[in-house]
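This report describes one protein model, from its overall make-up to selected local features.

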Amino acid sequence: MKVVLFCGGYGMRMRSGAGVYDEAPKPMAMVGPRPLIWHVMRYYAHFGHREFILCLGYGAHHIKDFFLNYEETTSNDFVLRGGRTELLSTDIADWTITFAQTGVESPIGERLRRVRHHLDGDEMFLANYADVLTDAPLPEMIDSFARRDAGASMMVVPPQSSFHCVDLGEDGLVGGITAVSELPLWENGGYFVLRQEVFDHIPENGDLVADGCAQLAKRGRLVAHQHRGFWKPTDTVKERAALDAAYARGDRPWAVWERDGAGAGATGSRDCAGARA
């Protein structure tokens, strides 16, 4: 199944005011030795989904350069023999990646519209913001949606805010305090399973959620997959730093390819004159 990744936004909340990655799109922010987009793609590839369509925009050259000059030795064991690198496994050798410029200012719905022809009319496909990491059971999410008569499935997660809501009376007295995370609410988790029907509800320069999903919801054609497991966004420098620190200490539940072994995304050893895929 093809995977559409939205990776062309400015990512203003991620910028710290210093460093080369302030010039790059948010999915290129580093977590461990690889950028966010690699972790998201590796997640999908582990479950057998290795055809990617990248909706490029701002800073597209950073993403192109990363994959055109990809260093397999960064995250794979290898043997150096007689000046030649023998990889014991690979990350992206069996991936197909389409790089599509979808405009610098385009909203997400419009980016999706502009790559529709790359989907080859596939009835179902996957979509993702390329900046959120999770351990969600993707096969379960897909199978559940496939059995439903619906146009889209959105993964939803409990509210992540650490703030508290205050219940006020007319006299200003506080009647109660409740953590946002304890409210009976769900947030958009950024992992979608979609049918072609979604395109019927996204106008020119429209949004995937505010337009496409909202219209499907009004028609009873949107379903939700509730996930209470690991889910972490990277909207800010602090959130990315937390994920990077977790990676360094070996606490990376999103790396399902490590937990489950080599997985479907790895291939056998191969020889190459250099270290690039």
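## Basis and overall make-up

The model is predicted; local features need pLDDT of at least 70 and side-chain atom pairs count only at pLDDT 80 or more, whereas totals for chains, interfaces and linings use all residues. Residues are numbered from 1 along each chain as its sequence is written, and side-chain values use heavy atoms, with hydrogens and water left out.

The protein has seven helices and 16 strands; these are DSSP runs numbered from the N terminus, helices being H or I of at least four residues and strands E of at least two. Of its 277 residues, 45% count as buried, that is, under 20% relative accessible area, with exposed meaning over 50% and partly exposed in between (1.4 Å probe, protein chains only). Among contacts (heavy atoms within 4.5 Å) with a separation of 6 or more, 76% involve residues 24 or more positions apart.

After α1 comes G48, with a positive phi near 95°.

Helix α2 spans residues 60–68, and its buried residues are A60, H62, I63, F66 and F67. Seen down the helix axis, these residues fall within an arc of 165°, so they line one face of α2; the arc is that of the directions from the axis to the C-beta atoms. They pack against α1 (36–46) as well as the strands β3 (34–35), β4 (51–56) and β7 (96–101).

Strands β5 (78–81) and β6 (84–87) pair in the antiparallel sense over four bridges, pairing being assigned if DSSP finds at least two bridges. R81 stands opposite R84 of β6. Two residues separate the strands of this hairpin, and G82 in the turn has a positive phi of about 60°.

## The second largest pocket

The second largest pocket has a volume of about 380 Å³. A pocket is an open set of points on a 1 Å grid over the protein atoms alone, with protein on both sides within 12 Å along at least five of seven lines; lining residues have an atom within 4 Å of a point. The volume is the space filled by probe spheres set on the points, which are joined across faces, edges and corners.

The lining comprises 15 residues, of which Q160, K232, P233, E239 and A242 lie nearest the centre. Two or more lining residues come from each of β15 (231–233) and α6 (237–248), and α6 gives the most, with five.

How values were computed: 1 Å grid on protein atoms, 1.4 Å probe; cavity = no way out; pocket = protein on both sides within 12 Å on 5 of 7 lines; lining within 4 Å.
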